[in-house]
Amino acid sequence: MIFLDAAATTPVRREVLEAMWPYLTGEFGNPSSHHSLGESAAAALAAARSSVAAALGCRPGEVVFTSGGTEADNLAVKGIALARQAMDPSLNRVVISAVEHPAVEESARYLAKFHGFAVDVVPVDGNGLVTPGAFAAALQPGTAVASVMYANNEVGTVQPVAALADLARRRGIPFHTDAVQAAGWLPLDVRALGVDALSISGHKLGAPKGCGALYIRSRTSLEPLVHGGGQERGRRSGTSNVAGAVGLAAALALARARQDEEAGRVSALRDAFTAAVLAGVPGAELTGHPVHRLPSVASFCFPGTSGESVLLELERQGVVCSSGSACAAGSDEPSAVLTAMGIPAGVAQTAVRFSFDASVSAEDLDAAALAVAAAVAGVKGLANRR
Ligand code: PLP
């Protein structure tokens, strides 16, 4: 099998599992316990927090461990908006882009439905890019929080996050970015990016599913969403997932050590794969920004097919990929990301996304490009015979 669906999830790296193992077995303590087992779990959690903070360029106290990217996004968008609205009821607007992951989009919709917020959606251009001008136009005196993702999960477009964060900061508006797909590929220094909050998720990076973190700049108002024992300095209650935090820290450190080399190598492979697909499939269109894109994502529309049929045919040939995001898999609706980019619904339904982790090889991608050409030709041939 050639696995080209790393944006959906990745296998746990051996080094990550080895780092986690003690905290799943002998060192199984609860870090809130006041005996030696608890203290050693607390020490591991503190070390993981420092390590994640080093990867993000922030202070350990600015890292909140969560159950993953979805929870980190919810905590940032709802937590900041609700805390600020409670202090000043005129802060009742939320700004998001038109291509956010549902974890951000649905958080904004929840605020509208239950807390009276207005949601201002910033449009994107045909490449999926949020322009600074469009973003600035959406910011208003009543904006409580703005959230624009770092890199898109369906088409890989990388947003000008530092420029957008600067625009928000000048207006005193906290800025959150969903860096779930960017982590491991793009610089995550939160001070250089100028963001107030940033979400990451372990399972996109070689750590297990169910662990993630939110960077939240100190002194940013944040209403907790999960109440209970007051863990994570009251920002996220619940017994800490020590092994998950250790795994996330190990995966981030590994990714960081090799990031520059891997990003360059995988970008070159992505470009060769893209060229081979465009050459081998008449009418194929690359989606997303041609230059400002993740090294790890090559996404296309194949007009005249159905994305789902191409996927099935590719899987039959041993190539596993997806039609867009795993969250939308199986849905008949055309991708909201692609339609926001101005792609007609009928063409959006022909989308296929190939996404790679650092283990991808030129041989696999050469074979996959041939399989794509054959699969699309097969699906078109079948459609013509009907
Ligand atoms: N944000 C983006 C951009 C994603 O791609 C994903 C996962 O697909 C998430 C958030 C959700 O992360 P998790 O699966 O850890 O909840």
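Contact, as used in this report, means heavy atoms within 4.5 Å. Axes are lines fitted to C-alpha atoms, for helices over the stretch in contact, and angles run from 0 to 180 degrees between N-to-C directions. Helices (H or I, at least four residues) and strands (E, at least two) are DSSP runs, numbered from the N terminus.

The model is predicted: local features need pLDDT of at least 70, side-chain atom pairs count only at pLDDT 80 or more, and totals for chains, interfaces and linings use all residues. Residues are numbered from 1 along each chain as its sequence is written, and side-chain values use heavy atoms, with hydrogens and water left out.

**The seven-stranded sheet**

An open sheet with mixed pairing is formed by seven strands in the order β2-β8-β7-β6-β5-β3-β4; two strands pair if DSSP finds at least two bridges between them. Because β2 (63-66) and β4 (118-122) each have a single partner strand, they stand at the edges, and one side of each is left without a neighbour in the sheet. From one strand to the next, the twist averages 20°.

Within this sheet, five bridges pair β7 (residues 197-201) with β8 (residues 212-216) in the antiparallel sense. Ser199 faces Leu214 of β8. Helix α2 (residues 36-56) lies across β2, β7 and β8, at about 115° to β2. Helix α4 (residues 102-115) lies across β3 (93-97), β4, β5 (143-147) and β6 (175-178), and runs at about 160° to β3.

**The three-stranded sheet**

Three strands make an open sheet of antiparallel pairing, in the order β9-β10-β12. Its edge strands, β9 (285-287) and β12 (351-355), each pair on one side only. Here the twist averages 30° from one strand to the next. Strand β10 (residues 297-301) is joined to β12 by five bridges, the two running antiparallel; Ala298 has Phe354 of β12 as its bridge partner. Helix α8 (residues 242-280) packs on this sheet and touches β9, β10 and β12, its direction making about 15° with that of β10.

**The ligand site**

The ligand is surrounded by 13 residues, and the closest are Thr70, Asp178, Gln181, Ser201 and Lys204; a residue is near a molecule if one of its heavy atoms lies within 4 Å of it. Helix α3 (residues 69-87) gives the most to this shell, with three residues. The table lists polar contacts, which are pairs of N or O atoms within 3.5 Å.

| Residue | Protein atom | Ligand atom | Distance |
|---|---|---|---|
| Gly69 | backbone N or O | oxygen | 2.8 Å |
| Asp178 | side-chain N or O | nitrogen | 2.6 Å |
| Lys204 | polar side-chain atom | oxygen | 2.6 Å |

On its own the ligand has 390 Å² of accessible area, of which the protein covers 87%; such areas come from the Shrake-Rupley method with a 1.4 Å probe.

Technical notes
A polar contact is a pair of N or O atoms within 3.5 Å; within protein, one must be able to donate a hydrogen and the other to accept it, and residues adjacent in sequence count only if both atoms are side-chain atoms.
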